[in-house]
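Thanks for coming, everyone. Let me put the sequence and the model on the screen, and then walk you through it.

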Amino acid sequence: MEIDLSKIKTPADIKNFNFDQLNLLSEELRAVLIRKLAAHGGHVGPNLGVVEATVALHYVFDAPKDKIVFDVSHQSYVHKMLTGRIEAFLNPADYDKVTGFTCPGESEYDLFEVGHTSTSISLATGLAKARDLQGGKENVVAFIGDASLGGGMALEGLNYAPELNSNFIVILNDNQMSIAENHGELYTHLKELRDSNGTAPNNIFKALGYEYIYVKEGNDIRSLIKAFEEAKGQDRAVLIHINTMKGEGLPCAESDKETFHFHGPFDPKNGASLVVDPAESYDDIFVKTMRESMRKDPKVVLVNAGTPGAIGFTPAERAEAGKQFVDVGIAEQDAVTMTAGLAKGGVHPVMGVVSTFFQRAYDQMSHDVAINNLPASFVVFYGSVFGMNDVTHLGFFDIAMLSNIPNITMLAPASAEEYKAMLELAANNTVGPLVVRTPGGKVEHQSEPVNTNFDEYEMVEPGEEVAIIAEGPFLPFARKAAALAREEGLNPMVVNPRILSKVDEKFLDSLKDFRMVVTVEDGIIDGGFGQKVSTYMNRYGVKTINLGIKKEFVDRYDVKEFLKANSLTPEQIAEVVVKG
């Protein structure tokens, strides 16, 4: 017996399946998932672990009438397969026709663009309240993982939902993993519930007012359907705790859950990557420099919020760092404010953070770190046009977001040598809040010694009339643009600004007789460092053109096309220099 997956257009197409058919459907969906993920890459473990749960979800509930909100939504691949998008998983030519997250533009079954953690319960409480105000009777379901439950916002939503006194269902997918391992006593409590088959008298969910249902075999269709049907239609808050296996059905993903949380193309037989890693990376430089700093000074502490792999710290690296590595789980607000506390306590904290997740802790950066002017350091990863390109994970807003907070110094290295020097400054910071951007793109090197007075702009190539001030990975673009301009008879100066939170007034004063200044940055123009330069140069009447990224949300862009669309190629920069 086989199931023709291409004929599944809506969840209604599986409503009449018996248990044998549902189990077979799960097997075939998992096989298709593995085939696509191995060839294309994506979130491997999260999706393989919830195949049966997603099938049961759509078998029992009646989406889109019933509202289903996926937390993070990186585990929604099977949901997409069952809601009219199966061709994007069956046909290689269609692999890129769906996003890796829920997307309302794709389907009415997707309610929100969601790519960050701990949001589902709060989103669902809003849906439930809106339903109640309008006299609706549909079910509202928040599907959340155990790692997401540790985020402050999830706990806030969890606290409020029973107060609705109406239908509200939380499905807690407990696979005992975050992106890496879980951290915090909440997970000791979940283990207590698992070990007691859900009967432990100490139960946080019951204490908060939820009816609690435990499913020991969270990859068993029959058990899941029974639990979901029990919760469906109830006029109160219900939490269904399902015990699943992350990476279920793929041995390499089951045995190495951290590596296979998200993975590029791989060989499904042994898990070997099919992507050749670059010979060197800025991640490697970060890890090496931080480990050297930790060995020299036991007061250097590296803080992370549930993404150690994204900053290059493998399990082995974390083990070697020992107590000098702190992972608070996926809780950026806690991590930032804890970093503030560490700085106040007299040690040297450095938080490694992915740019798109940093925005989740803006208030903490402003209120807890900057107002107190604490010597807390932060190293940003993927804050670049060359970083992640999903609309929910764009990282190029960080310059505008952070460089304009008073007391914060934001630095942008343009070479491996500058990056290392800035990291050493971060690990020995005694002055005030410091943010260092990890460059995007390939590793660049410089032969000349690094000027560690990072308040000063650095002239890379002398010139006249026109100055190109280009930060980070765009400095090589500026040098190439200058070479092209010289072919047209001009001799532009090339400048590496290095500091983005303020301008080097002395250096800019030296350009007062220039015809034009062109700034180039790896971030949005609005609120970026280029506008600071423009404001200063206005006093001299010097024409200043800011090149950077338009302030807009874009999804899954091609880097080359994106650079061209934003006039950021060397040829386009040269054209601006020549034509003004």
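One definition before we start. Helices here are DSSP runs of H or I with at least four residues, strands are runs of E with at least two, and numbering goes from the N terminus. Keep in mind that this is a predicted model.

With those labels, look at the loop between α3 and β2, where Pro 64 lies. Ala 63 and Pro 64 are joined by a cis peptide bond, with omega at about 5°. Asp 62 is in that loop too. Its side chain meets Lys 15 in a salt bridge, 3.2 Å from N to O. Lys 15 sits in the segment before α1 (19-40), 47 residues from Asp 62, and the pair links distant parts of the chain. Across the whole structure, the search finds 32 salt bridges.

Another backbone point. Gln 176 is not a glycine, yet its phi is positive, about 60°. Find Gln 176 in the loop between β4 and α9 (185-195). As background, most residues other than glycine have a negative phi, and most peptide bonds are trans.

Now the five-strand sheet. It is open, its pairing is parallel, and the order reads β2-β3-β4-β6-β5. Which strands are at the edges? They are β2 (67-70) and β5 (211-215), and each pairs on one side only. From one strand to the next, the twist averages 15°. Helix α6, residues 120-133, packs on this sheet and touches β2, β3 and β4 (168-174). The direction of α6 makes about 175° with that of β3. Zoom in on β2 and β3 (residues 140-145): four bridges, parallel. Phe 70 is opposite Phe 143 of β3 there.

Stay with α6. Its axis and that of α8 (residues 152-160) come within 7 Å and cross at roughly 35°. From α6, the contact uses Ile 121, Ser 122 and Thr 125. From α8, it uses Met 153, Ala 154, Gly 157, Leu 158 and Tyr 160. By class, that contact has five nonpolar residues, three polar and no charged ones.

Next, the six-strand sheet. This one is open as well, with parallel pairing and the order β9-β8-β10-β11-β13-β12. The edges are β9 (325-327) and β12 (409-411); each has a single partner strand, so one side of each has no neighbour in the sheet. Neighbouring strands are turned by 20° against each other on average, direction ignored. Between β8 (residues 300-304) and β9, the parallel pairing runs over three bridges. Val 303 faces Val 326 of β9 across that pairing.

What packs here? Helix α19, residues 416-427, packs on the sheet and touches β8, β10, β11, β12 and β13 (434-437). Its direction makes about 155° with that of β13. Helix α13, residues 282-296, lies across β8, β10 (348-354) and β11 (377-381). It runs at about 140° to β8.

Last stop, the second largest pocket. How much space lies in it? About 240 Å³. Its lining has 16 residues, and those nearest the centre are Thr 409, Leu 425, Asn 429, Val 431 and Leu 434.

Note on methods: Residues are numbered from 1 along each chain as its sequence is written. This is a predicted model: local features need pLDDT of at least 70, side-chain atom pairs count only at pLDDT 80 or more; totals for chains, interfaces and linings use all residues. Side-chain values use heavy atoms; hydrogens and water are left out. On a 1 Å grid over the protein atoms alone, a cavity is a set of points where a 1.4 Å probe fits but cannot get out, and a pocket is an open set with protein on both sides within 12 Å along at least five of seven lines; lining residues have an atom within 4 Å of a point. Grid points are joined across faces, edges and corners, and a volume is the space filled by probe spheres set on the points. Two strands pair if DSSP finds at least two bridges between them. Axes are lines fitted to C-alpha atoms, for helices over the stretch in contact, and angles run from 0 to 180 degrees between N-to-C directions. Contact means heavy atoms within 4.5 Å. A salt bridge is a side-chain nitrogen of Lys or Arg within 4 Å of a carboxyl oxygen of Asp or Glu. Ala, Val, Leu, Ile, Met, Phe, Trp, Tyr, Cys and Pro count as nonpolar, Asp, Glu, Lys and Arg as charged, and the others, Gly among them, as polar.
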